[in-house]
Amino acid sequence: MALRFYNTLTQRIEEFTPAHDNVVRMYTCGPTVWNFAHIGNLRTFTFVDILRRWLHARGYQLDHVMNITDVDDRIIQQALAAGKSLDEFTEVYTAAFLEDSAALRLERPEHLVRATRHIQEMAAAIQKLSEKSYTYQSEGSIYFRIAKFPEYGKLSHADFSGIRAGARVDTDRYEKDNARDFALWKAPKEGEPSWDTVIGRGRPGWHIECSVMAMKYLGETLDIHAGGVDLTFPHHENEIAQSEALTGKPFSRFWLHCEHLILSGEVMSKSLGNFLTLRDLLGQGFHPEAVRFMLASVPYRKKLNFTMDSMRSAEQAVERLRNFKLRLDTEKFSEGVNESLLESTRQALSRFDEALDDDLNTAEALAAAFELVREANSAMDAGEFHAANTQPANEFLARFDTVFDVLRPTGKETGIGDAEIEALIAERNQARQSKNFARSDEIRGQLHGLGVILEDTKEGTRWKRR
RNA sequence: GGCGCGGUAGCCAAGUGGUAAGGCAGAGGUCUGCAAAACCUUUAUUCGGGGGUUCGAUUCCCCCCCGCGCCUCCA
């Protein structure tokens, strides 16, 4: 079956192909750089990465824009409190975000764009919306009038026609005609950053940046727009309203939303104070690949229940896969081929592909991988894994790793080179021969301290870094 | 109240109208100088509860219970 995704817009699973040629035009909402990203944020970015990689594996080229929101209320507030300029302040967290992304092996989008570098374009877009009478001014700010956009609500599937301010909507705070109207442009305030533009001095509202930057780099209709579920409303709904009011064309054909990461029964969030950063986990000794595995292993439309156990579990699971790879690379297999295993390998591959085609079912894809690992291990144990089975197995792992990318350990400065390790192992084996177990255990312990783990097998000692 | 998601073994978690994937942990075993590491085997008569449809439901329908999210800044 073909590649298909659940589209929030239609609430259905739909077959996906790009609208034009072979290029997928995709926009995903990136971080607001006012703090470190927590692993809930990173889950969404990992989902985007898996999406990218799978589209790529399926033969598509990518033209992907991710924004960095570097101006909004929280940022301004924090920067002010820190006594820093907006740029000085956001630079720190932008760099941190890029570091985290690199640690998690998230592919870099073709365009990583910053809101503050597109202020004039936003102003121009707002001006155009005003010319089309989609806006009104109030106390120096400019609002989008949703009553002018009848399709408002089509993404979140809510009916906003019977307009009534909800009990929890603070109607006093803004001078708005309708509680759901949203700010396109905010009046300048003393001590806050603002820009001079064709529509006057001020700063942009949150939603306009995505519409403007998406269309600037990708055109009026995107193939895919993705982000976290909590952005569905109002952010993405507002993006649709603005963009489609502007162009009269559908803003995006597909809308994909990643579910939340849950910690102790609640959504991980800064405001609840129950958040963990990647740095926290790495500080506890977890490997970045294990974090990546943990985040990728639960299909994106399911809530991910985070526990320290799930972290340890991920760590072990990655190790199991690597051990298999190590065996494949180091053991000597007799000539010939195990036909039945060859067939299993083929089946594992098609099961893997089919799973990811099915709205990125990563759990199912992993099951295909682990089942093959077990079968191949059993064959190896029984001496029924033959030389000609090596390449197909390696090809499977290569396919697996183009998406999951966890097999290669993140290089650490262990302070010991391969040759040195080999030499110590040779010395240890001599010591073992002469029953000098004190010395052999000493070497084992020494290497262990350097993150090198020895495995004594029938075929001799092999080692791996951990 | 509106919209949406979910409740499957100790934990995480797939899945299908035809009799429960996978990972971790646990138990047993193989290997080993001892270990470690690794590998293998094993672990839910049962899928929140109650009805219904069906030859057959965890999977479809109805009701109920529980948890969560969005509806306000939020990945």
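Colleague: How many helices and strands does the secondary structure of chain A come to?

Modeller: Keep in mind that we're looking at a predicted model here. Helices and strands both turn up in chain A, and the tally is 14 helices and 17 strands.

Colleague: And what does the C-alpha trace of chain A span along its principal axes?

Modeller: Chain A has 466 residues. Laid out along the principal axes, their C-alpha trace spans about 90 × 50 × 35 Å.

Colleague: What share of the residues in chain A count as buried?

Modeller: A residue goes into that group if its relative accessible area is under 20%. The accessible surface of the chain comes to about 21400 Å², with 48% of it belonging to carbon and sulfur atoms. As for the residues of chain A that count as buried, the figure is 51%.

Colleague: How far apart do the centres of the positive and negative side chains lie in chain A?

Modeller: There are 58 positive side chains and 70 negative ones.

Colleague: Let's zoom in on some strands. Which strand forms a hairpin with E9?

Modeller: Strand E9 covers residues 195-197, and its pairing is antiparallel, over 3 bridges. Asp 196 has Arg 201 as its bridge partner. The hairpin leaves 2 residues between the strands, and the other strand is E10.

Colleague: Which residue in E10 does Lys 186 stand opposite?

Modeller: Strand E8 takes in residues 182-186, while E10 takes in residues 200-204. These two pair in the antiparallel sense over 2 bridges. Opposite Lys 186 you'll find Arg 203.

Note on methods:
Residues are numbered from 1 along each chain as its sequence is written. Chains are lettered from A and ligands numbered from 1 in the order in which they are written. This is a predicted model: local features need pLDDT of at least 70, side-chain atom pairs count only at pLDDT 80 or more; totals for chains, interfaces and linings use all residues. Side-chain values use heavy atoms; hydrogens and water are left out. Helices (H or I, at least four residues) and strands (E, at least two) are DSSP runs, numbered from the N terminus. Buried means under 20% relative accessible area, exposed over 50%, partly exposed in between (1.4 Å probe, protein chains only). Accessible areas come from the Shrake-Rupley method with a 1.4 Å probe; for residues, only the protein chains shown count as cover. Lys and Arg count as positive and Asp and Glu as negative; His and the chain ends are not counted. The place of a charge is taken as NZ of Lys, CZ of Arg, CG of Asp or CD of Glu. Two strands pair if DSSP finds at least two bridges between them.
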